[in-house]
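Hi there,

Here is the structure I promised to pass along. Have a look at it first, and my notes on the aromatic residues follow below.

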Amino acid sequence: MATGRTHRPATRSRGIPEATVARLPLYLRALTALSERSVPTVSSEELAAAAGVNSAKLRKDFSYLGSYGTRGVGYDVEYLVYQISRELGLTQDWPVVIVGIGNLGAALANYGGFASRGFRVAALIDADPAMAGKPVAGIPVQHTDDLEKIIKDNGVSIGVIATPAGAAQQVCDRLVAAGVTSILNFAPTVLSVPDGVDVRKVDLSIELQILAFHEQRKAGEETAAGDGALPAATREKSADQGPDGDVPAVMPA
């Protein structure tokens with residue numbers, strides 16, 4: 001079976017834009033759902049809606065794969081699943097190590113979606129000696145002292161960091177020195193890596209803050225809409241007006 005160290009995805013050599021690469025997993029997820037329902041073909045409009053993009057963008061993305069569909073019929077679901085899986089490198093085995101087996105690391109280890117998507121959790125690694133040998137998701141945790149040997153023995157090129165922020169950079173440096181060239185970082189810190197190493201960051205707090213921004217904006221719009229429903233006499237004396245309804249000459253800072 002091929003491993004991540006000897007085979008790399010062909011997306012860069014074929015000149016597929018990074019924005020398109022980022023959308024391919026969305027298409028694959030939607031297509032897999034269709035495949036599980038035994039849907040044979042899908043139109044660009046239907047697939048775009050399922051993936052959350054517009055159909056023109058989808059057709060452009062698929063043109064990079066050399067897939068244009070059939071007019072009046074659409075796209076062959078099974079062939080697109082294979083085509084996108086191949087482009088993403090998911091038709092081969094990718095051994096992954098997870099470093100940091102706290103609550104988050106353990107949850108990742110127990111995630112059942114890795115194997116079905118071409119990823120195999122080859123090892124779980126933690127710095128706590130008390131964790132050594134303890135099974136998590138059926139895999140015994142190994143100590144960080146053995147990190148380099150674990151990477152070499154399993155031919156790992158993808159590492160997942162789920163450590164506290166203070167330990168993340170040191171773990172990253174060791175992973176890179178051992179030969180890992182792709183890192184998924186869950187630690188709340190920015191990692192510094194050399195050229196040739198890809199890092200994807202997952203920061204749940206940032207995503208929540210963005211949602212909070214949208215919630216605040218929606219609340220503001222609702223308040224504004226509510227103000228607009230007030231009687232005209234009440235609306236005339238807004239926060240920007242003086243006691244007599246005039247706009248002050250100097251606005252407060």
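This is a predicted model: local features need pLDDT of at least 70, side-chain atom pairs count only at pLDDT 80 or more; totals for chains, interfaces and linings use all residues.

**Notes on the aromatic rings**

Residues are numbered from 1 along each chain as its sequence is written, and side-chain values use heavy atoms, leaving out hydrogens and water.

The whole structure holds four aromatic pairs (ring centres of Phe, Tyr or Trp, the latter by its six-membered ring, within 6.5 Å; planes under 30 degrees apart are stacked, over 60 edge-to-face, the rest tilted). One of them joins Tyr27 and Phe62 edge-to-face, at 5.0 Å between centres and 75 degrees between planes. This pair links distant parts of the chain, with Tyr27 in helix H1 (residues 18–36) and Phe62 in helix H3 (residues 55–64), 35 residues apart. Helices here are DSSP runs of H or I with at least four residues, numbered from the N terminus. Together with Tyr75, Tyr27 and Phe62 form one aromatic cluster.

Another pair, Tyr79 and Tyr82, is tilted, at 6.4 Å and 40 degrees. Because they sit three residues apart in helix H4 (residues 77–88), about one helical turn separates them. Tyr79 is partly exposed at 43%, as is Tyr82 at 42%.

Best wishes

Methods: Helices (H or I, at least four residues) and strands (E, at least two) are DSSP runs, numbered from the N terminus. Buried means under 20% relative accessible area, exposed over 50%, partly exposed in between (1.4 Å probe, protein chains only).
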